[in-house]
Amino acid sequence: MLWTLFLGLVAALLRTGKCSIDSLALAAAQTANAIYRDSETGLVFSSNFALYKADGRGITYRVAIPDTAQQNTAYDVVIQMVVPNDVGWAGLAWGGSMPRNPLLVAWRGSNNNVVLSSRMASGHVQPTEYSGAQYTLFQTGTKSNSTHWQFTALCKGCTAWQSSSSTRYLNPRGGNRLAMAYSPTKPSNVNSPSSSIPIHEVHAYWSHDFAQAANTNFEATVQRLTS
Ligand code: HEM
Ligand SMILES: *[C@@H]1O[C@H](CO)[C@@H](O)[C@H](O)[C@H]1NC(C)=O
């Protein structure tokens with residue numbers, strides 16, 4: 001699947017005439033799963049870089065989970081995202097497609113504060129607010145500079161959800177298909193998590209390795225970050 005994305009990108013680069021050895025190497029290197037040890041939060045993340053522009057711009061998605069997480073159970077997860085300043089909103093679909101799974105939509109409010117909105121969509125239509133997943137933003141690991149903003153948040157309710165008649169669970173021991181969406185335009189009411197959201201320009205998928213996201217002291221670390 002990474003190769004599909006990679007070859008699609010090569011095609012895009014060739015079309016725009018921006019194909020060079022450098023940009024191809026960048027794309028190949030940055031679509032793979034990587035381990036990220038975050039000295040600031042003390043968490044170990046499994047990290048993926050998702051391109052939204054053929055020039056190499058992308059959003060980094062990082063996931064940390066407890067090493068005690070069991071298959072076919074709900075467990076807490078910490079999400080960290082690193083987002084270029086030109087992004088209007090950045091989305092994450094925990095179930096790897098748009099409809100009927102927990103969606104996270106992130107953007108910056110009028111004071112450059114991070115706004116997180118938990119959503120769910122009944123189809124390929126405007127997602128509505130979803131109370132089944134709840135995000136707690138950490139001060140540590142949430143910051144910005146002249147090029148990027150990043151946030152770190154705990155999610156309760158992102159690893160299990162009701163899908164028609166059954167419950168779907170994210171596998172803590174292997175890869176899960178996640179999806180992203182990107183829009184250059186901010187939601188109309190930037191300070192409200194329930195704002196209507198403009199449609200995305202780009203979406204992408206990848207398999208995110210949750211086995212490498214396991215943290216031995218997850219609960220204690222999260223407690224320290226929450227207080
Ligand atoms: C805000 C209003 C939104 C509208 C009107 C909308 C609409 C659509 C439409 C029409 C498609 C089909 C495009 C195609 O097949 O070429 C689509 C696909 C997709 N959308 Fe959205 N979308 C919205 C928000 C979101 C959000 C917030 C996310 C993720 C956080 C998301 C994730 C996706 C993904 C991953 C796909 C690919 C198809 C799939 O896997 O289901 N969308 N969307
Ligand atoms: C800017 O912030 C992002 C997100 O925290 C970080 O990844 C990047 O290295 C920072 N850039 C500089 C030049 O400090």
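Guide: The side chains of S47 and R62 are joined by a polar contact of 3.4 Å. The model is a predicted one, and the distances that follow are computed from it. S47 belongs to strand β2, which runs over residues 43-51. Its relative accessibility is 9%, so S47 counts as buried, the cut-off being under 20%.

R62 is one of several residues that S47 touches beyond its neighbours within four places in sequence. Among the others are A32, N33, A34 and Y36. T60 and Y61 also contact S47, as does H208. R37 lies ten residues from S47 along the chain, and the C-alpha atoms of the two are separated by 9.7 Å.

I79 is found in strand β4, residues 77-84. With a relative accessibility of 0%, I79 counts as buried.

In sequence I79 and C158 are 79 residues apart, while their C-alpha atoms are 9.9 Å apart in space. C158 forms a disulfide with C155, and the two sulfur atoms are 2.0 Å apart. The count of disulfides comes to one. The torsion about the S-S bond of C155 and C158 is about 80 degrees, so this disulfide is right-handed. C155 has a relative accessibility of 0% and therefore counts as buried. C158 is buried too, with a relative accessible area of 0%.

There remains the site of ligand 2. The residues around ligand 2 are V82, K143, N145, T147, H148 and Q150. Sorted by class, this shell has one nonpolar, four polar and one charged residues. Two of its members can be described through their side chains. In N145, a polar side-chain atom lies 2.3 Å from an oxygen atom of ligand 2. In Q150, an N or O atom of the side chain is 2.8 Å from an oxygen atom of ligand 2. On its own, ligand 2 has 360 Å² of accessible area, and the protein covers 46% of that.

Methods
Residues are numbered from 1 along each chain as its sequence is written. Chains are lettered from A and ligands numbered from 1 in the order in which they are written. This is a predicted model: local features need pLDDT of at least 70, side-chain atom pairs count only at pLDDT 80 or more; totals for chains, interfaces and linings use all residues. Side-chain values use heavy atoms; hydrogens and water are left out. A residue is near a molecule or strand if one of its heavy atoms lies within 4 Å of it. A polar contact is a pair of N or O atoms within 3.5 Å; within protein, one must be able to donate a hydrogen and the other to accept it, and residues adjacent in sequence count only if both atoms are side-chain atoms. Accessible areas come from the Shrake-Rupley method with a 1.4 Å probe; for residues, only the protein chains shown count as cover. Ala, Val, Leu, Ile, Met, Phe, Trp, Tyr, Cys and Pro count as nonpolar, Asp, Glu, Lys and Arg as charged, and the others, Gly among them, as polar. Helices (H or I, at least four residues) and strands (E, at least two) are DSSP runs, numbered from the N terminus. Buried means under 20% relative accessible area, exposed over 50%, partly exposed in between (1.4 Å probe, protein chains only). Contact means heavy atoms within 4.5 Å. A disulfide is a pair of cysteine sulfur atoms within 2.5 Å.
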